[in-house]
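Subject: Structure handover

Hi,

Here is the structure you asked about. My notes follow below it.

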Amino acid sequence: MTDICHAKGDSDNREPLSDSELWQQILDGNTAAWNILVRRYQTLVYTVANRAGLSLADVSDCFQQTWVLLHRNRNSIQDPSRLSAWLITTAKREALRLKRRSDRDMPMDSVSDPVDSADLADDALIRTERQAHLEAALEQLDLRCRRLMDLMFFADERLSYEDIAGQVGLSTNALGPARRRCLDRLRRILEKLGYLDARNGVDRTL
């Protein structure tokens with residue numbers, strides 16, 4: 001995916017666009033920018049809907065309605081740097097509405113369990129939002145850095161330095177410096193996208 005590169009056909013070497021920059025392009029009528037935003041946060045919206053225990057059809061409805069509402073209210077968004085939080089709040093509200101409608105339409109003896117509030121608790125949704133931010137930033141790393149981050153932090157098995165170095169085509173001695181460069185690049189991307197405060201590294205979702 002190249003969803004965080006400039007939406008107007010710019011080179012992949014350009015800096016990633018923040019949500020606010022993308023939003024301005026959307027307001028200017030750039031359809032490509034809208035598609036980029038949807039790709040950036042589609043997993044986030046789907047996860048919120050799925051946590052509510054909806055049927056597959058209602059998860060799909062919740063997903064679509066959340067994006068419809070964002071587009072419909074695009075001229076009233078006050079802080080586009082908080083689009084991910086807006087999407088979470090709206091998807092949560094739509095999921096609860098659909099859950100209530102579903103239970104109301106079912107016979108009393110087959111009403112499903114109520115939504116577990118823990119599944120839609122604020123702290124759980126914040127973790128989901130942070131994961132979406134991290135995934136968006138990781139997509140902007142070059143292939144070697146992305147592979148290195150996957151192996152060092154997300155691999156199911158704990159690999160030795162020798163194993164990781166071999167898989168990314170580096171010597172063991174070069175792995176440490178490469179890791180630092182990749183983490184520095186990841187932090188700069190997170191800052192550029194507006195997910196970290198560049199002054200002190202504080203996560204802006206807090």
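The face of α7 turned away from its buried side carries two exposed residues, Glu162 and Gly166. Helices here are DSSP runs of H or I, at least four residues, numbered from the N terminus. Exposed means over 50% relative accessible area, buried under 20% (1.4 Å probe, protein chains only).

This is a predicted model: local features need pLDDT of at least 70, side-chain atom pairs count only at pLDDT 80 or more, and totals for chains, interfaces and linings use all residues. Residues are numbered from 1 along each chain as its sequence is written, and side-chain values use heavy atoms, with hydrogens and water left out.

Back to α7 (residues 161-168). Its buried residues are Ile164, Ala165 and Val168. They sit on the same side of α7, because they cover an arc of only 100 degrees around the axis. That arc is taken over the directions from the helix axis to the C-beta atoms. The cover over these buried residues includes α6 (143-154) and α8 (172-192). Contact means heavy atoms within 4.5 Å. Gly169 follows α7, with a positive phi near 75 degrees.

Next, the core. The largest nonpolar core has 43 residues. Such a core is a set of buried Ala, Val, Leu, Ile, Met, Phe, Trp, Tyr and Cys residues joined through side-chain atoms within 4.5 Å. α2 (31-51) gives the most to this core, with 9 residues.

Last, Thr66. This residue is in helix α3 (residues 56-72). Thr66 is buried, at a relative accessible area of 0%.

Best wishes
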